[in-house]
Amino acid sequence: MRLVVYLLICFPLCLFAQVEPVEKDSTLVQYIYVEGDSIVKEAIDLKEVLVLNKINFSDREERVQYLILKRKTLKVYPYAKLAADRLITLKERLETLEKKRDKKRYAKKIQKYIEDEFSAELKKLTRTEGQILVKLIHRQTGKTTFQLIKELRSGWRAFWFNSTANLFDISLKREFNPMEVKEDFFIEDILERAFQDRHLERQEPAIEFDYYDLSDKWLKNKSTAEIKN
């Protein structure tokens, strides 16, 4: 307390706040000091946690499809997160380089590393897993795989990759759109549950949407229909 008084005397024009633990009846109490006055802080700062609604599937087939989607989403999400992390590292490093030649050289090095790193793993994915990965890359980076390839290489290379992917019924231009596509909502629901269970490391999406708005659209309508029946 003397320290607080001392600081107020030495810095009369300084407005500050600090938190100190105070022992009281064997219970740890926090006080906030503002301009020499104290206020008991009873609230505890906690991270925001979403309350997830229970999904009532329309039939057994939809439940089975959800479980299959869950297995595939949990499998490919780490690749999407890794791609986003690599791109962030690339951008941060490029900002530290001044010469255009150095930037170009470093970009080519990272691009080759990303392609080599992913090519072996992507060959192990099924067609549907590949399409989920494309969606998740858009979720993590805010850009489609087609756009990323176009920026990293050239428009022709992006076109060629997309045409090749189309042979396997995969579009590199596919976006992640949980508000309009029910499968994408299921993917987001699977991710959110995995984040909360700590099965996956959370990475906030680069695109904007609200989980509760998604739940209201895809789950509330079903509940309303069930009540009417």
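**Helices, cores and salt bridges of the predicted chain**

Helix H4 is followed by Gly 142, whose phi is positive, near 85 degrees; helices (H or I, at least four residues) and strands (E, at least two) are taken as DSSP runs and numbered from the N terminus. The model is predicted, and for this reason local features need pLDDT of at least 70 and side-chain atom pairs count only at pLDDT 80 or more, whereas totals for chains, interfaces and linings use all residues. Residues are numbered from 1 along each chain as its sequence is written, and side-chain values use heavy atoms, with hydrogens and water left out.

The chain contains eight helices and three strands. From the N terminus on, these elements run in the order α-β-β-β-α-α-α-α-α-α-α. Of the 229 residues of the chain, 32% count as buried, where buried means under 20% relative accessible area, exposed means over 50%, and partly exposed lies in between (1.4 Å probe, protein chains only). The chain exposes about 16100 Å², and carbon and sulfur atoms supply 54% of this area; accessible areas come from the Shrake-Rupley method with a 1.4 Å probe, and for residues only the protein chains shown count as cover. Among the contacts in the chain with a separation of 6 or more, 65% are accounted for by residues 24 or more positions apart, a contact being defined as heavy atoms within 4.5 Å.

Helix H4 has 15 residues and reaches 21 Å from its first C-alpha to its last, close to the 21 Å expected at 1.5 Å a residue; the expected span is 1.5 Å times one less than the number of residues. H4 is mostly covered, with twelve of its 15 residues buried. The buried residues include Glu 129, Lys 135, His 138 and Arg 139 as well as Ile 132, Leu 133 and Leu 136. Glu 129 is placed in H4, which comprises residues 127–141, and counts as buried at 3% relative accessibility. Leaving aside neighbours within four places in sequence, Glu 129 is in contact with Arg 71, Lys 72, Lys 75, Val 76 and Lys 124.

In soluble globular proteins, nonpolar side chains tend to be buried together. A nonpolar core is here a set of buried Ala, Val, Leu, Ile, Met, Phe, Trp, Tyr and Cys residues joined through side-chain atoms within 4.5 Å. The largest such core has 29 residues, and those with the most contacts inside it are Val 76, Leu 133, Leu 136, Phe 185, Ile 187 and Leu 191. H2, H4, H7 and H8 are the elements that give two or more residues to this core. Apart from neighbours within four places in sequence, Leu 133 is in contact with Val 76, Tyr 79, Ala 80, Leu 122 and Leu 125. A second, separate core of seven residues includes Val 134, Ala 158, Ile 170 and Leu 172.

A search of the whole structure finds eleven salt bridges, each defined by a side-chain nitrogen of Lys or Arg within 4 Å of a carboxyl oxygen of Asp or Glu. In one of them, Glu 62 pairs with Lys 182, the closest N and O atoms being 2.8 Å apart. Glu 62 lies in helix H2 (residues 60–96) and Lys 182 in helix H7 (residues 182–196), so this pair ties together parts that are 120 residues apart in sequence. Glu 62 is buried, with a relative accessible area of 14%, whereas Lys 182 is partly exposed at 25%.

Within H2, Asp 85 forms a salt bridge with Lys 81, with the closest N and O atoms 3.0 Å apart. The two residues are four apart in the helix and are therefore separated by about one helical turn. Asp 85 counts as partly exposed at 26% relative accessibility, and Lys 81 as buried at 13%.

The side chains of Glu 192 and Arg 202 also meet in a salt bridge (2.7 Å, N to O). Glu 192 lies in H7 and Arg 202 in the loop between H7 and helix H8 (211–228), so the pair ties together parts that are ten residues apart in sequence. Glu 192 is buried, with a relative accessible area of 4%, while Arg 202 is partly exposed at 38%. Salt bridges that share partners join Lys 81, Asp 85 and Glu 201 into one network.
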